[in-house]
Amino acid sequence: MKKKNVLLFSDFGIDDFVAVIFAFFSEEINIVGIVADYGNVSREDAIRNAAYLQEVTGHKEIPVFSGAVLPLTGEVPVYYPDVHGIEGLGPIVPNLENSNDIFENFDDFKDLIQKYENDIIIVNVGRLSSLAAAFILYPGLMSKVSDFYIMGGAFNVPGNVTPVAEANFYGDPYAANVVFANAPKKIHILPLDVTMSAIITPAVVDALDAYYQSVQNKVGLLIKPMVDYYFNFYKGTSPGISGSPLHDLLTFWAVLEEAEIQYMEVPVKIIVNRGEAFGQSIGDFRNAPPEDKMKYRIHRIAVQFNYSSFIKKFYEIMTNHKKKTP
């Protein structure tokens, strides 16, 4: 089986961490590098969480690159401890020496794209500031990336920061527009329209936890405390919700199961004008001739997915006996 090589851009909150564990447990994904960004937490904490991930999984060979510390707006980022906890991992507090040392090695990710030329996928599950910088600094290099998957936006559903804006795009809409305007190919966008339905129920979490206890898998045992914390937040903001929507997990699953997702190819724009619509993601879904549509670049927006396939694949991979982890 040929693995999919992934360069991950992440701001390392709870759903990010679960998604990366899923990727490590998968026999089909090869994470070749991680860019740690501000977003759910500060860049400093994201780097520390990435180092903690290396430690607990034993994958210290995977390089971590220091991403953006601020959005292109230059404003001080807003973090979300009520969603992800003070440290970004719910109740878990990573205790690593020297893991908060800030290093400036963003430029080094270029070597990975050269190494895996035309056989590397970028998955971005946080703000788009670092990815936008890559497009600005290295436009030719980014044409050697085989595919792009981005978690972000809210096209035909409410936002989760404002009535119309989702956190990743709202956090840096300028960066989002840079990416969508300069991408060398159509980007796969996984917005709240689908990710809010990527529910992992408490029953599934408990079943996984029982399994990890039976096999004494320390990595898997991190999932329940994190997802339980995440679920407590969503129970307060979305009364009646049946579980935790793991947005970034769905994005990784989409890399594996494109046939199980319905996409629509439409022009995409992110609003950058200050006001109530700031950060809003707009897709032109009108059934109109191309010349009558908005004059923006066309990308692939996920509008529906096979939940049964999603949950089945998730559970199978997360109970994968072949994967060797601490």
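**Reading burial and helix packing**

Modeller: Gln 54 touches His 59, Lys 60, Ile 62 and Val 64, once neighbours within four places in sequence are left aside; contact means heavy atoms within 4.5 Å. This is a predicted model, in which local features need pLDDT of at least 70, side-chain atom pairs count only at pLDDT 80 or more, and totals for chains, interfaces and linings use all residues. Residues are numbered from 1 along each chain as its sequence is written, and side-chain values use heavy atoms, without hydrogens and water.

Colleague: Is Gln 54 buried or exposed?

Modeller: Gln 54 counts as buried because its relative accessibility is 17%; buried means under 20% relative accessible area, exposed over 50%, partly exposed in between (1.4 Å probe, protein chains only). Gln 54 lies in helix H2 (residues 43–57); helices are DSSP runs (H or I, at least four residues), numbered from the N terminus.

Colleague: How do the axes of H1 and H2 cross?

Modeller: Two packed helices are described by the angle and the distance between their axes. The axes of H1 and H2 come within 12 Å and cross at roughly 35 degrees; axes are lines fitted to C-alpha atoms, for helices over the stretch in contact, with angles from 0 to 180 degrees between N-to-C directions. Phe 17, Val 20, Ile 21 and Phe 24 in H1 meet Asn 49, Tyr 52, Leu 53 and Thr 57 in H2.

Colleague: Which residues of H11 are buried?

Modeller: Residues three or four places apart in an α-helix point the same way, because there are 3.6 residues a turn. In H11, Ile 223, Met 226, Val 227, Tyr 230, Phe 231 and Tyr 234 are buried.

Definitions and conventions: Helix = DSSP H or I, 4+ residues; strand = E, 2+ residues; numbered from the N terminus.
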